[in-house]
Amino acid sequence: MESGSNTMERTRQIFFGFLATSLALGPVAVAQKVTRPAPTAADWSALAKLPDFDGVWETVFGGGRGARAAGAPAAPSLTPEYAAKAKALASQAKKAEDNPTANCLPPGLPAIMGQPYPIEILLTPGKVTIVSEAYMQVRHIYTDGRKLPEDPDPSFYGTSVGRWEGDSLVVETVGFQQVPRGISFPYSDKMRIVERFKLTDADTLTIETTIRDPEALTMPYSMGARTFKRHRNWTIAEYICEENNRNFVDEKGKAGINLANPNASTK
Amino acid sequence: MKNGIIIASLVAAGTSLALAHHSAAAFDTSAQKVISGTIKKFDYTNPHTWVWIDVPNDQGGVDTWGVEGMSPNYLARRGWTRTTLKPGDKLTITIRPMKDGDKGGMWVSAKRPDGEVLMMGGAITDP
């Protein structure tokens, strides 16, 4: 055991080490950031010419995932390396009974777009924001022409940019952490998710999701299109998962329910 | 560790999307059990509502059972409010019981003494 003062001294050295490093790297990090100009009245009025995606959208279940793009395979076509990985994972005897969402960890993209709760889409100059009622999560999609980062920090929802192609919003996302995200095969850190948002009638939106991964897939894999129905009178509700969560999955993958102390929730 | 996480993602892909938050792994989804008693408490909370109901037992006392239901945001769009169930209400609930035999389960449906059936799924009543 080292003494408290030694620990404190080491902490101080580490802190100043970090400080020196961040000062040295600071200007580089700033240079990578995109500074958005203040939106003008013209920028705001230009939004009115875009397809009307604004509002709260119910995730429609029961209609299936819809049609895949023409010629797209129904199953992912894995590279030999990733086919072997998938096989090795499948053969591992003990599978978890549940995933970490039981412990209130939100799922990543694309699963966050397929929850049984609605999403809200907000259009502002240079940006599309998607609020997921499930887990109260937010996606930030930049439509100001910026490029995707070369070496993004991996995250649950990745880093997204969008562009308008006719009536469709095409969103490309990179930088994925290995977390539960509703993808049925092992994927690499080169994975790119492409989503095409399109209105199919006044209050129906479809989002077709395609996965590209040069290391895991021999060709793009289409997950099909998901359908959403707009409700003009809906608002997004609060969803604090930690409020009264009695579900859990432990480190060994065992799922359970905590029935102790009914009075734990005072609501 | 990394493999464990990937397995979890494979499992996640296979679970029902109708359950936002977790699988039904702790419940015996092949069985149903009917319990009758008096509502003790209704937690209108996320990520699940919990109905606590006092059910008479063989020893002349009551056991408190916990029944997991859908979340308030889901139920509110189907006509429920935090006062749909009140302490003191008599209720007969059909549940998917806990696999481990503990006094709990997942809500399937319920019936009040006057015959009113309470479902948690079903059609959206707030269009």
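The following paragraphs describe the strand barrel of chain A, its contact with chain B, and the nonpolar cores of a predicted model. In this predicted model, local features require a pLDDT of at least 70 and side-chain atom pairs count only at pLDDT 80 or more, whereas totals for chains, interfaces and linings use all residues. Residues are numbered from 1 along each chain as its sequence is written, with chains lettered from A and ligands numbered from 1 in the order in which they are written.

Chain A forms a closed barrel of 9 strands in the order S1-S2-S3-S4-S5-S6-S7-S8-S9, with mixed pairing; helices (H or I, at least four residues) and strands (E, at least two) are DSSP runs numbered from the N terminus, and two strands pair if DSSP finds at least two bridges between them. From one strand to the next the twist averages 30°, where axes are lines fitted to C-alpha atoms and angles run from 0 to 180 degrees between N-to-C directions. Strand S1 (residues 55-59) and strand S2 (residues 119-124) of chain A are joined in the antiparallel sense over 3 bridges, and Trp57(A) has Ile119(A) in S2(A) as its bridge partner.

Trp57(A) is also listed, together with Ile112(A), Phe185(A), Tyr187(A) and Ala216(A), among the residues with the most contacts inside the largest nonpolar core, which has 41 residues. Such a core is a set of buried Ala, Val, Leu, Ile, Met, Phe, Trp, Tyr and Cys residues joined through C-beta atoms within 7 Å, a residue being buried if 20 or more other C-beta atoms lie within 10 Å of its own, exposed if 12 or fewer, and partly exposed in between, with C-beta atoms placed from the backbone. The largest share of this core, 4 residues, is contributed by S9(A). A second, separate core of 14 residues includes Tyr44(B), Ile53(B), Trp65(B) and Trp107(B).

Strand S9 of chain A also holds Ser222(A), which is buried because 21 other C-beta atoms lie within 10 Å. The C-alpha atoms of Ser222(A) and Leu109(A), 113 residues apart along the chain, are separated by 14 Å.

The contact between the chains involves 39 residues from chain B and 45 residues from chain A, two residues being in contact if their C-beta atoms, placed from the backbone, lie within 7 Å. On the side of chain B that touches chain A, the largest share, 11 residues, comes from H1(B). The residues of that side comprise 21 nonpolar, 12 polar and 6 charged, with Ala, Val, Leu, Ile, Met, Phe, Trp, Tyr, Cys and Pro counted as nonpolar, Asp, Glu, Lys and Arg as charged, and the others, Gly among them, as polar.
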